[in-house]
Amino acid sequence: MFDVNQLRKDFPILSREVNGQPLVYLDNAATSQTPKQVVEVISDYYYRYNANIHRGVHKLSQEATDAYENARATIQKHFNAAYPHEIIFTAGTTESINCIASGYASILKKGDELLISALEHHSNIVPWQMLCEKTEALLRVIPMTHEGTLDMEAFDGLLNSNTKLVFVNHVSNALGTINPIQEIIEKAHTKGAKVLIDGAQASPHIKADVQALNVDYYVTSAHKLCGPTGVGMLYGKTELLQTLPPYQGGGEMIATVTFEKTIYADLPHKFEAGTPNISGGIAFGAALDYMNGIGFDTIAGYEAELLTYATSALEKIEGLKIYGEATEKTAVISFNVGSIHPYDIGSILDQMGIAVRTGHHCAQPIMDFYKIPGTVRVSFSFYNTFEEIDRLEAGIRKAVAMLQ
Amino acid sequence: MKTIEAIQEEIVEEFSLFDDWMQRYEYMIDLGKSLPLIAEEYKTDNHIIKGCQSKVWVHAQLEQDKLNFTADSDAIITKGIIAILIRAFSNQHPKDILAANTTFIDEIGLKEHLSPTRANGLVSMIKQIKMYAVAFQTQLN
């Protein structure tokens, strides 16, 4: 039985006050809050078995190694990867993307094409621009429609036999649009292109099955799904990860080292140079366990109710315009009210203890498309309540009254 | 002519009359409306202050030995903040502007706008005002 008030007790931060009022945290797309169960896993690691992994003969090192590798297996199971070694621990989505981009620097050549979507976060734009500068490959953009969805007809036209890689986010961070990644992956594969899906915004809401999707690379960050910051994952198909050169050199990633030649370690270690974020990796696994304990279907169902409730509450506010009206979207509402600057609304909401995001959300091309400086973005999680949405609505009304 | 310090004291006193944040913000919004507006010709990228989430343009002009500022922003609260700064620093000698401290910002409860992050441009605004002072001080020498 889903009981939001019971669940909220797992998140001590949700009961704190901000500016003298109970916190209403609606910036979940930027980072989610961390439940006690996950924080305790981190402290337990440091209090009981902090040790370096994969090399110690001693008991602590073995315990730490087991916990870390168990977390990898949890992540593998969650995303239904075929093998644990297909899950590479990284510092997060951005590093995962850079790891692939750096690998392709020696594979791409002039005349090759890369396709990205107009809905991307800067972290899924800039690494590819840098890659194209290096390799003289051509970066092409799948345009977006006014509803905030991808123009799939244009995608069909852009895809050709020179297309080597396609990058799309599973869910747009600025608008919440769920992209038709299954269709994109299938079509890209008919041209021999590989597909990387940025799952950072999708992972807290949707359980992706990488084998069913037949996706080549899938990346995400733990802190978006109740885990700690500074850790994330890169999923890649075995045969692809085997052919990619390593991202960074160092310890852990080698089999043998002589001054003449180094033989790289097998997967996943080839991509995990140096001592990793051990407690973070273990906590990533714990975060997935926590969310699976609630159940992703339950989470998606409840968040859909929150989104419907919030959308109809906000739509009643005069002059409020919602950006991103895809029929398939996660619990995100990006909006402006009349010509009021999003920063003004965000500042006033903050005074009332309501945390929202304002600005371009690291997706400037989307803001340019709508010709706006940015939006106010509210993003919900399963621990948000209908009462909080009422406070949000009242808060926006008050802000608008002050600012108009 | 009042000194920068005297003006700052005046501002702090005005803000101390408010007992809740709403009145403070409403006052700031009002102050924003009285901001000496920058001439349209100066609303160019050269005059934009980087580091603000909203757009802020500031222009400085030397009249005799006093520096006068005009500004604008696309966000109302930001306009209020810049109006407070301009009230404190406009029509002053560049060397006094350079010497002035800005702790009065804390005292009027705008501290949350002071954190040196990308989103909060108050630090950048103060820096820009001081940069203008440096530039014109060199001219005066």
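Two strands count as paired if DSSP finds at least two bridges between them, and this idea is needed for the first of the following legends, which describe close-up views of a predicted model.

**View 1. Strand S4 and strand S10 of chain A lie side by side as an antiparallel pair.** The pairing of S4(A) with S10(A), the strand that covers residues 232–236, extends over four bridges. Within this pair, A:Ile87 can be found opposite A:Tyr235, a residue of S10(A).

**View 2. Seven strands of chain A form an open sheet with mixed pairing.** Read across the sheet, the strands follow the order S4-S10-S9-S8-S7-S5-S6. Strand S4 (87–90) and strand S6 (138–142) of chain A stand at the edges, and because each has a single partner strand, one side of each is left without a neighbour in the sheet. From one strand to the next, the twist averages 20°.

**View 3. Domain 1 and domain 2 of chain A are in contact.** According to the domain assignment, domain 1 consists of residues 4–30 together with 295–403, while domain 2 covers residues 39–293. The centres of the two domains, taken over C-alpha atoms, are separated by 28 Å, and the contact takes 23 residues from domain 1 and 23 residues from domain 2. On the side of domain 1 that touches domain 2, helix H11 (296–315), strand S14 (332–337) and helix H13 (364–370) of chain A each supply at least two residues, and H11(A) gives the most, with four residues. Sorted by class, this side of domain 1 has 12 nonpolar, six polar and five charged residues.

**View 4. Chain A and chain B meet in a contact between the two chains.** Here 12 residues of chain A are in contact with 12 residues of chain B. On the side of chain A that touches chain B, the elements that give two or more residues are helix H12 (342–351), strand S16 (357–359) and helix H14 (386–403) of chain A, and H12(A) gives the most, with five residues. By class, this side of chain A has five nonpolar, six polar and one charged residues.

Notes:
Residues numbered from 1 in each chain as written. Chains lettered and ligands numbered in written order. Predicted model: local features only at pLDDT ≥ 70, side-chain atom pairs only at ≥ 80, totals over all residues. Contact = placed C-beta atoms within 7 Å. Nonpolar A, V, L, I, M, F, W, Y, C, P; charged D, E, K, R; others polar. Axes fitted to C-alpha atoms, helices over the stretch in contact; angles between N-to-C directions. Domains from an automatic or database assignment.
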